[in-house]
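Hi,

Here is the structure I said I would pass on to you.

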Amino acid sequence: MNRMLVKALIAGGALVAAGAARADDNDYPTEARADYVFGCMAANGQTREALTKCACSIDAIAAILPYDKYVQASTILGMRQGIGQRANEFRSTKMFDDKVAELRRAQAEAEIRCYRQTAN
């Protein structure tokens with residue numbers, strides 16, 4: 001093989017590896033992202049500005065919190081809304097508090113990045 005071809009193959013392999021790393025860092029399925037944006041827009045208005053901020057928000061959360069932790073925390077929050085003994089267990093368990101706190105931190109960072117940007 002000539003040297004130019006080898007260099008091109010190495011560069012191409014590096015790009016593929018970089019793309020794979022980004023995919024692993026950003027493992028939220030499209031459906032989950034869309035669901036978040038729909039809910040966010042319902043809470044913040046059905047405007048183009050809300051769409052932009054809500055999409056930014058889920059991207060920021062995804063950059064901070066792996067998808068499996070996002071699902072766990074979301075599930076815990078949903079279970080806490082119920083009534084009865086099972087809901088009380090989700091409200092009173094320290095391990096669950098820690099998982100929800102991780103999500104809350106990611107949401108706070110997303111709010112700073114996406115909703116409180118300073119004007120230029």
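Before the helix pairs, one definition: an axis here is a line fitted to C-alpha atoms, for a helix over the stretch in contact, and the angle between two axes runs from 0 to 180 degrees between N-to-C directions. Please also keep in mind that this is a predicted model.

With that, start with H2 and H3. Their axes come within 9 Å and cross at roughly 135°. The crossing is right-handed. On the H2 side, the residues that meet H3 are Arg33, Tyr36, Val37, Cys40, Met41 and Asn44. Their partners in H3 include Leu51, Cys54, Ile58 and Ile61. By type, the residues of this contact split into eleven nonpolar, two polar and two charged.

H3, which spans residues 48-64, also meets H6. Here the axes come within 8 Å and again the crossing angle is roughly 135°, so H3 and H6 are oblique to each other too. H3 passes H6 in a right-handed crossing. From H3, the residues in contact are Lys53, Cys56, Ser57, Ala60, Ile61, Ala63 and Ile64. H6 brings Leu103, Ala106, Gln107, Glu109, Ala110, Arg113 and Cys114 to the contact. Nine of the residues in this contact are nonpolar, two are polar and three are charged.

Next comes H4 with H6. Their axes come within 9 Å and cross at roughly 115°, which makes H4 roughly perpendicular to H6. H4 passes H6 in a left-handed crossing. Among the H4 residues that meet H6 are Tyr70, Ser74, Leu77 and Arg80, while the H6 residues include Phe96, Asp97, Val100 and Leu103. This contact has seven nonpolar, two polar and six charged residues.

Now for the pocket. How big is the volume of the largest pocket? It is about 190 Å³. Which helices each supply at least two residues of its lining? They are H2 (30-44), H4 (67-80) and H6 (94-114). H2 gives the largest share, five residues. The lining is made up of Tyr36, Gly39, Cys40, Ala43, Asn44, Tyr70, Ser74, Leu77, Leu103, Gln107 and Tyr115.

Best wishes

Conventions:
Residues numbered from 1 in each chain as written. Predicted model: local features only at pLDDT ≥ 70, side-chain atom pairs only at ≥ 80, totals over all residues. Heavy atoms only, no water. 1 Å grid on protein atoms, 1.4 Å probe; cavity = no way out; pocket = protein on both sides within 12 Å on 5 of 7 lines; lining within 4 Å. Points joined across faces, edges and corners; volume = space filled by probe spheres on them. Helix = DSSP H or I, 4+ residues; strand = E, 2+ residues; numbered from the N terminus. Parallel < 35°, antiparallel > 145°, perpendicular 65-115°, else oblique. Left-handed = near helix turned anticlockwise from the far one by under 90°. Contact = heavy atoms within 4.5 Å. Nonpolar A, V, L, I, M, F, W, Y, C, P; charged D, E, K, R; others polar.
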